[in-house]
Amino acid sequence: MGAVGADDLVGIEWTRCGFCSVPGDYPLEITLGITRTGALSATDGCNWLSGSVDVQTDRLVAGKLMKTARGCRGPVAEVAPLIGRVLGSSPTWVIQDGTLTLTGAGTTLVYEPRRTLFPSDRAGRPAPLAITQGQRGNADYRFRYATPDHGVQLHGQWRDEPGRAWSFFMLTLEHDYVGRQPNPMACTTAVIGGDRVIAGLVTEPTTRVTFRPVGGHELDLDLHRLATAPRHRAYIGFVGQPERGSTVHAYDGSGTELGPAHAPHWWRPGDPI
């Protein structure tokens with residue numbers, strides 16, 4: 001086995017699996033990721049931590065770490081402070097037999113690579129109802145859906161590069177929705193890999209959803225059937241960096257628009273607030 005170096009540490013999602021199933025107030029999976037450009041992202045079971053890090057031969061020297069301020073209760077609240085203390089103590093690191101060990105502040109944390117790429121594949125959760133997934137530039141992404149009692153949920157998850165924190169969105173359209181198509185409250189305009197994605201939910205009788213950029217031609221967005229929600233469809237499409245004022249349109253099988261059109265609200269550099 002060759003010598004272990006920084007290349008074996010960065011660009012991997014590490015998981016503190018000893019605490020993966022710890023109960024608490026909506027606990028997060030405990031993770032650690034370091035990008036090849038020196039950005040650290042981590043979770044402590046309750047909050048997200050992020051900042052810069054210098055990966056030295058045997059130590060991680062983190063800069064000031066930003067932390068979200070979500071409060072948690074139960075066992076996870078006892079575990080969470082340990083993560084921040086270790087990461088802030090310039091811990092030693094070593095990879096042996098595929099596991100990563102951090103030691104600092106009188107505590108040792110042992111991580112292993114995440115078994116699967118996507119957080120929605122987390123152990124103990126139901127198998128995700130995946131719609132589509134792939135890569136956009138350096139970003140990995142997945143769209144999936146769920147069908148709780150009150151409606152259909154569209155979930156998106158993506159990371160801008162390996163080792164970077166995952167981003168998420170979720171929107172809902174009620175099972176019995178009969179209003180305008182597309183519904184502005186069931187449409188998102190996230191940026192994945194530097195590319196704007198238009199995604200949302202529609203119901204019957206919608207058979208086509210398009211995107212009309214300012215000054216451009218109307219583009220068909222991919223319309224996906226949802227096996228466990230036959231009245232609903234998910235529309236998803238990457239559209240570059242369109243101007244404000246571009247619109248989303250929905251049509252039925254006869255070509256009649258079920259509008260009015262939806263103009264997503266997004267801001268680009270230089271736009272007035």
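1. Two strands pair if DSSP finds at least two bridges between them. Strands here are DSSP runs of E with at least two residues, helices are runs of H or I with at least four residues, and both are numbered from the N terminus.

2. This is a predicted model, in which local features need pLDDT of at least 70 and side-chain atom pairs count only at pLDDT 80 or more, while totals for chains, interfaces and linings use all residues. Residues are numbered from 1 along each chain as its sequence is written, and side-chain values use heavy atoms, with hydrogens and water left out.

3. Strand β12 (residues 151-159) runs antiparallel to β13, and eight bridges join the two. One of the bridge partners is Ser167 in β13, which faces Trp158 in that sense.

4. β12 and β13 belong to an open sheet of four strands, ordered β10-β11-β12-β13, with antiparallel pairing. The edges are β10 (129-136) and β13 (167-174); each has a single partner strand, so one side of each has no neighbour in the sheet. From one strand to the next the twist averages 15° (axes are lines fitted to C-alpha atoms, and angles run from 0 to 180 degrees between N-to-C directions).

5. The largest pocket holds about 360 Å³ of space. A pocket is found on a 1 Å grid over the protein atoms alone, as an open set of points where a 1.4 Å probe fits, with protein on both sides within 12 Å along at least five of seven lines; lining residues have an atom within 4 Å of a point. The volume is the space filled by probe spheres set on the points.

6. Lining this pocket are 26 residues, and Leu28, Trp48, Pro119, Trp166 and Phe168 lie nearest its centre. At least two lining residues come from each of β2 (31-34), β3 (39-43), β12 and β13. The lining has 10 nonpolar, nine polar and seven charged residues (Asp, Glu, Lys and Arg count as charged; Ala, Val, Leu, Ile, Met, Phe, Trp, Tyr, Cys and Pro as nonpolar; the others, Gly among them, as polar).

7. There is one disulfide in the structure (a pair of cysteine sulfur atoms within 2.5 Å). Cys46 and Cys72 form this disulfide, at 2.2 Å from S to S. Cys46 sits in the loop between β3 and β4 (48-55) and Cys72 in the loop between β6 (66-67) and α1 (75-87), so the bond ties together parts 26 residues apart in sequence. The torsion about the S-S bond is about 95°, so the disulfide is right-handed.

8. Cys46 counts as buried at 6% relative accessibility, and Cys72 counts as buried at 14%. Cys187 is buried too, at 15%. Buried means under 20% relative accessible area, exposed over 50%, and partly exposed in between, with a 1.4 Å probe and protein chains only.
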